[in-house]
Amino acid sequence: LLASLLSRLACLLVASSLLTSLLACSKLVIKLWQCCSNNLSTRYFLNGLVQACYQVVLVDKLSTACRQLATRLLSSTDLLQVVPTTCYRPAIQQLVNKLLACLLACSKLVIKLLACSKLVNKLACSKLVNKLLKAVHLCYYDFQDGNNSECHDDCWAVKDWSARKGTRSSLSMGQSLSFSEDSSKGRKLLRAIPRQITQALQADILWSMGYTGEDVKVAIFDTGLHKQHPHFKNIKDRTNWTNEKSMDDGLGHGTFVAGVIASSKECLGFAPDAELHIYRVFTNNQVSYTSWFLDAFNYAILNKVNVLNLSIGGPDFMDQPFVDKVWELTANGVIMVSAIGNDGPLYGTLNNPADQMDVIGVGGINFEDQIARFSSRGMTTWELPAGYGRVKPDIVTYGSGVRGSNLRGGCRSLSGTSVASPVVAGAISLLLSSVRHRGDVINPASMKQALLASARRVPDANIFEQGHGKLDLIKAYQVLSSYKPQASLSPSYVDLTECPYMWPYCVQPLYAFGLPVIVNVTILNGMGVTGSVVGKPVWHPYLPQNGDRIDISFSYSQILWPWSGFLALSIRVTPASSTWSGIAQGHVALNISSPPQGDEMERRMSLIKLPVKVKIIPTPDRSKRILWDQYHNLRYPPGYFPRDNLKMRNNPLDWNGDHVHTNFRDMFNYITKQGYFVEVLGSPFTCFNASHYGTLVIVDAEEEYFPEEMVKLREDIEKLGLSLIVVGDWYNIEVMKKVKFYDENTRQWWMPDTGGANVPALNELLAPWRMAFSDQVYEGDYRLADNA
């Protein structure tokens with residue numbers, strides 16, 4: 001009886017707390033409405049709203065089960081930090097109305113919870129609060145749907161477009177930190193949320209062995225740090241590279257990042273005795289320029305720092321001076337750690353420089369070992385349209401609800417890959433102090449190899465979500481302690497039958513007469529900063545395992561610098577296997593060579609073997625085979641290609657691209673589940689045999705068409721029976737003029753190269769059939785046959 005009463009009391013307590021905080025949220029929303037003319041105030045009040053929801057978990061006498069449920073509610077309500085990109089009054093009103101409706105639904109559920117007289121066990125409590133959680137999640141999605149204002153004629157005035165400041169933005173998502181205003185082209189600060197992270201990763205085991213980061217130089221490129229902050233005991237150097245006359249942190253982002261790495265009090269960092277080198281590269285208005293980074297990078301090389309954390313990111317992998325300088329840093333032995341981005345759950349949203357081969361790109365998970373919704377997903381897009389992207393992130397770690405240092409003392413909690421990055425940087429700093437006696441054996445490549453080899457797989461997540469898996473600090477220490485210089489591959493094997501880890505490869509078997517499947521593997525060379533592939537990679541089929549059923553060709557980096565290169569496999573089924581089904585296996589072998597080190601007389605050599613496993617089926621009928629045109633899809637940074645969604649006014653550059661495995665991932669999954677097979681065309685129309693396919697799909701093409709392509713396509717349709725599906729987004733010259741913006745980095749006005757799609761080029765392609773797209777832009781719902 002006593003246990004029953006206690007259980008009921010626990011559920012009543014959580015219900016009462018929820019009701020109180022939701023009432024507070026409603027009042028805050030009213031205040032939000034009253035101050036919506038000020039974006040900064042809007043952000044503060046939304047943060048206050050979330051703080052009210054945090055009070056849910058502050059009841060001390062909750063049962064364990066109900067405490068866990070309340071914590072889950074905390075994670076859900078944190079998603080309510082979506083901030084409108086404009087203060088256009090009808091949009092805010094719609095947003096507020098939806099939130100109030102959602103909170104009303106939540107309140108009704110709580111009343112039901114309170115009125116439940118038979119609620120005497122944890123299971124009943126769990127069921128009702130889970131319903132509450134679902135309502136909160138629905139509210140979050142409503143926020144996303146209502147985040148943009150209705151488009152009126154004055155929406156596209158030039159004054160509405162923020163000038164691109166060339167900024168790299170921070171990648172954290174925390175209270176009073178939300179840097180979304182000037183995210184058009186530059187890199188931006190990424191956001192961060194609460195917990196004692198060092199205990200979660202067992203840093204105390206290495207501390208007990210006497211390792212605390214001593215003699216390790218850690219550079220933090222961020223918003224600065226106060227010299228007298230009580231959490232830090234070894235601030236070696238502070239420099240300011242901005243146009244503001246201060247080295248102090250006015251935002252708190254840099255302080256939090258530094259705390260995760262090296263705080264010695266309260267919310268502990270991993271390497272409290274590490275030397276902190278603080279580089280202030282962001283102003284208090286969250287502005288940065290490439291030139292500031294380049295100067296600061298040079299100074300970091302001069303100071304011979306060991307680890308450099310960049311909780312920043314941006315889409316501009318063609319900012320060549322920046323990319324080159326990152327290469328130069330790692331070539332000088334600096335271990336670069338960078339946040340992968342907060343643009344999840346969308347795929348193909350990786351940020352630079354985390355997407356570079358020589359940089360350790362870090363994604364985020366929560367404390368339940370689930371991929372964080374905000375964490376950007378792979379693949380890399382440097383290689384498109386002709387090739388296929390590499391695996392990123394490299395590794396994931398806790399980035400949701402992590403505790404770190406507050407601006408002038410005390411602790412706070414933040415979330416984002418901006419938090420996950422310093423977790424890894426701090427872990428690396430601690431690891432470095434444990435293996436300093438090993439000298440040059442430990443370098444950017446060998447450290448990355450150790451982290452990837454020791455990572456633990458996250459269940460039910462694919463390779464483009466988690467990379468090699470979750471950071472395991474203690475196992476990484478064990479790997480480093482016995483490490484011998486060698487070359488390795490990422491991923492270390494290619495198993496196209498392993499689902500869900502090897503998505504998208506694993507959802508569609510291979511067959512004869514199909515376009516080759518491309519797998520892009522990264523070569524890591526722990527033997528030296530420079531190296532080369534000796535001879536050529538060789539495919540060794542396992543004859544008993546039907547390895548002769550596939551052919552593999554290669555493209556690869558003959559020179560590996562710095563510390564890395566690529567190996568692209570093009571896997572094709574032999575024509576003789578057009579009616580065969582089964583599993584084919586073998587391995588690829590390649591030799592890596594590097595110059596001798598120290599007193600060595602001979603070159604260092606490393607033989608790598610890459611196991612390969614694929615599933616083969618008989619070649620499907622052409623009616624089931626769909627060819628997706630990737631070749632004519634373009635995206636930023638080669639040019640200014642605007643968003644398909646015109647409401648994304650503060651982020652106009654379409655840098656995610658259009659690929660069947662990134663932003664059209666849901667379409668790909670749907671089509672394959674219906675029994676169709678999708679192949680990706682990364683070459684002109686003159687390069688495929690139309691007799692093998694039932695349909696060619698062109699989606700939002702931005703590129704123009706060669707005359708030879710148009711001639712061939714007409715013959716393929718009229719003589720070979722190829723079907724054609726064309727989807728085109730908006731195109732309007734007047735709208736294109738209105739979405740121009742001034743780029744402060746290049747001191748030029750940026751005009752779009754085309755619209756959401758290159759409608760004139762598409763119309764020229766469709767002209768033989770007297771079909772054309774309009775150049776009018778419409779908004780609203782429409783009905784096609786029975787489909788709304």
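**Entry 1. The sheet**

I looked up an open sheet of five strands and found the order β14-β21-β20-β16-β18, with mixed pairing. Its edge strands, each pairing on one side only, are β14 (494-495) and β18 (559-560). I took helices (H or I, at least four residues) and strands (E, at least two) as DSSP runs, numbered from the N terminus. Two strands were counted as paired if DSSP finds at least two bridges between them.

The model is predicted, and local features need pLDDT of at least 70, side-chain atom pairs count only at pLDDT 80 or more, while totals for chains, interfaces and linings use all residues. Residues are numbered from 1 along each chain as its sequence is written, and side-chain values use heavy atoms, with hydrogens and water left out.

Strands β16 (residues 531-541) and β20 (residues 582-594) run antiparallel and are joined by seven bridges. For V538, I noted A589 in β20 as the bridge partner.

I listed the contacts (heavy atoms within 4.5 Å) of I428. Neighbours within four places in sequence aside, I428 is in contact with V307, I335, V337, I360, M447 and L451.

**Entry 2. The disulfides**

I searched the whole structure for disulfides (cysteine sulfur atoms within 2.5 Å) and recorded two. With bonded cysteines counted along the chain, they follow the pattern 1-2, 3-4.

C267 is joined to C411, S to S 2.2 Å, and this link is left-handed, with -95° about the S-S bond. The pair links distant parts of the chain, 144 residues apart: C267 is in the loop between α8 (253-262) and β5 (275-280), and C411 is in strand β12 (residues 411-414).

The sulfur atoms of C499 and C506 are 1.9 Å apart, and their link is right-handed, with 100° about the S-S bond.

C506 is buried because its relative accessible area is 14%, whereas C499, at 45%, is partly exposed. C267 counts as buried at 1% relative accessibility.

Note on methods
Buried < 20%, exposed > 50% of the residue type's maximum accessible area, 1.4 Å probe, protein only.
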